[in-house]
Amino acid sequence: MGSLADVLDGKIEVPYEIIPHFPRSTVQGHAGKLVFGYLSGVPVVCMKGRFHYYEGYPLWKCAMPVRVMKLLGVTHLVATNAAGGLNPKFEVGDIMLVKDHINLMGFAGNNPLQGPNDERFGPRFPPMNEAYDKTLIREAKRIAKELGLENIVHEGCYTCLGGPNFETVAELKMLSMLGADSVGMSTVHEVITGRHCDLTVMAFSLITNKCITAYDSNDNPNHEEVMDVGKMRQDVLKLFVQSIVKYIKQTEDSINP
Ligand SMILES: O=P(O)(O)O[C@H]1O[C@H](CO)[C@@H](O)[C@H]1O
Ligand SMILES: Nc1nc2[nH]cnc2c(=O)[nH]1
């Protein structure tokens, strides 16, 4: 049992507090450690705890770990999040492979790449139309089928709001009209920062609650439910990510034997 970070071989845990200038995790369920180790023989680094705008950090700081990973030699970023399911076909516990995102905070002029551009990481004006690697999405779908998960794995568009409140009914109706399938408070800034420094990116949402788009509903989204569904799906997610990482390693080895 435990999260993916807990089952790495040869695990080394580095608390965020001892990494200079690193932010601290403040969210319940986000432990605050970088965990290094091997997953099926593949060297990986996992974040036990990510950073969000609602914690009071600017977006560039929320996404700083991605640049640290780049400097450590990481080539692929697998970003995961808990999200509300806006697409009515999604059920609680389903997985949505992110094929695109809507950077709503960017619409309001808030972007992790704001400020002087550091050319050592990437260009001033990075493209974002191919942010999510198409091959990895295709292979993730194949893996889902192999694992018998095809009925719970979908593809869709994620959007990130600043939080920390969950959305109003009117906001959710608007997001649905814009084409969003899942709604969260993370990932977009990490993906933008990752693509800026040329990491290959894939992302998926675990649908932890159905978004409430009717005024006569008596349900309320809450963080406890989000964490419970995360725990309930932990083993499936571990297996899924493990298989994706194995695929990435195989393709890398065939390119650079
Ligand atoms: O941190 P992630 O996985 O995105 O979790 C999502 O769920 C939390 C709210 O319950 C927020 O942090 C939101 O972003
Ligand atoms: N913004 C947002 N974030 C979430 N994280 C988990 N569920 C939700 C949700 O419904 N909305």
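# Ligand shells, barrel and loop residues

Modeller: Val27, Arg50, His52, Asn81, Ala82, Gly184, Met185, Ser186, His223 and Val226 surround ligand 1. Two or more residues of this shell come from each of β4 and α7 (223-232), where helices (H or I, at least four residues) and strands (E, at least two) are DSSP runs numbered from the N terminus. This is a predicted model, in which local features need pLDDT of at least 70 and side-chain atom pairs count only at pLDDT 80 or more, while totals for chains, interfaces and linings use all residues. Residues are numbered from 1 along each chain as its sequence is written, and chains are lettered from A and ligands numbered from 1 in the order in which they are written.

Biologist: What makes a residue part of such a shell, and which residues come nearest to ligand 2?

Modeller: A residue is near a molecule or strand if its C-beta atom, placed from the backbone, lies within 6 Å of it. By that rule 15 residues lie around ligand 2, and Ala82, Gly84, Val183, Gly184 and Val226 come nearest. At least two residues of the shell are supplied by each of β4, β7 (182-184) and β8, and the largest share, 3 residues, is that of β4.

Biologist: How do you know the classes of the residues around ligand 1 and ligand 2?

Modeller: Ala, Val, Leu, Ile, Met, Phe, Trp, Tyr, Cys and Pro count as nonpolar, Asp, Glu, Lys and Arg as charged, and the others, Gly among them, as polar. On that basis the shell around ligand 1 has 4 nonpolar, 5 polar and 1 charged residues, whereas the shell around ligand 2 divides into 9 nonpolar, 5 polar and 1 charged.

Biologist: How do you know which strands β8 pairs with, and in which directions do they run?

Modeller: Two strands pair if DSSP finds at least two bridges between them. Strand β4 (residues 76-85) is joined to β8 by 10 bridges and runs parallel to it, with Gly84 having Asn209 as its bridge partner in β8. Strand β5 (residues 95-102) is joined to β8 by 3 bridges and runs antiparallel; Met96 stands opposite Ser205, and Leu97 has Phe204 as its partner. These strands belong to a closed barrel of 5 strands, in the order β4-β7-β6-β5-β8, with mixed pairing. From one strand to the next the twist averages 50 degrees, the axes being lines fitted to C-alpha atoms, for helices over the stretch in contact, and the angles running from 0 to 180 degrees between N-to-C directions.

Biologist: Why does Ser40 count as it does, and what about Gly93?

Modeller: Ser40 counts as exposed because it has 12 C-beta neighbours inside 10 Å. Its place is in the loop between β2 and β3 (42-48), and its phi is also positive, about 50 degrees, although Ser40 is not a glycine. Gly93, in the loop between β4 and β5, has 15 other C-beta atoms within 10 Å and so is partly exposed.

Biologist: What is Gly93 in contact with, leaving aside its neighbours within four places in sequence?

Modeller: Two residues are in contact if their C-beta atoms, placed from the backbone, lie within 7 Å, and with those neighbours left aside Gly93 is in contact with Ile152, Ile207, Val229, Met232 and Arg233. Between Gly93 and Val236, 143 residues apart in sequence, the C-alpha to C-alpha distance is 9.9 Å.

Biologist: What makes helix α6 mostly covered, and what covers its buried residues?

Modeller: In α6 (residues 188-196), 9 of its 9 residues are buried, and the cover includes α1 (59-62), α2 (64-72), β4, β5, β6 (153-160) and β8. Strand β8 (residues 200-210) is itself mostly covered, with 9 of its 11 residues buried.

Note on methods: Buried ≥ 20, exposed ≤ 12 C-beta atoms within 10 Å, placed from the backbone.
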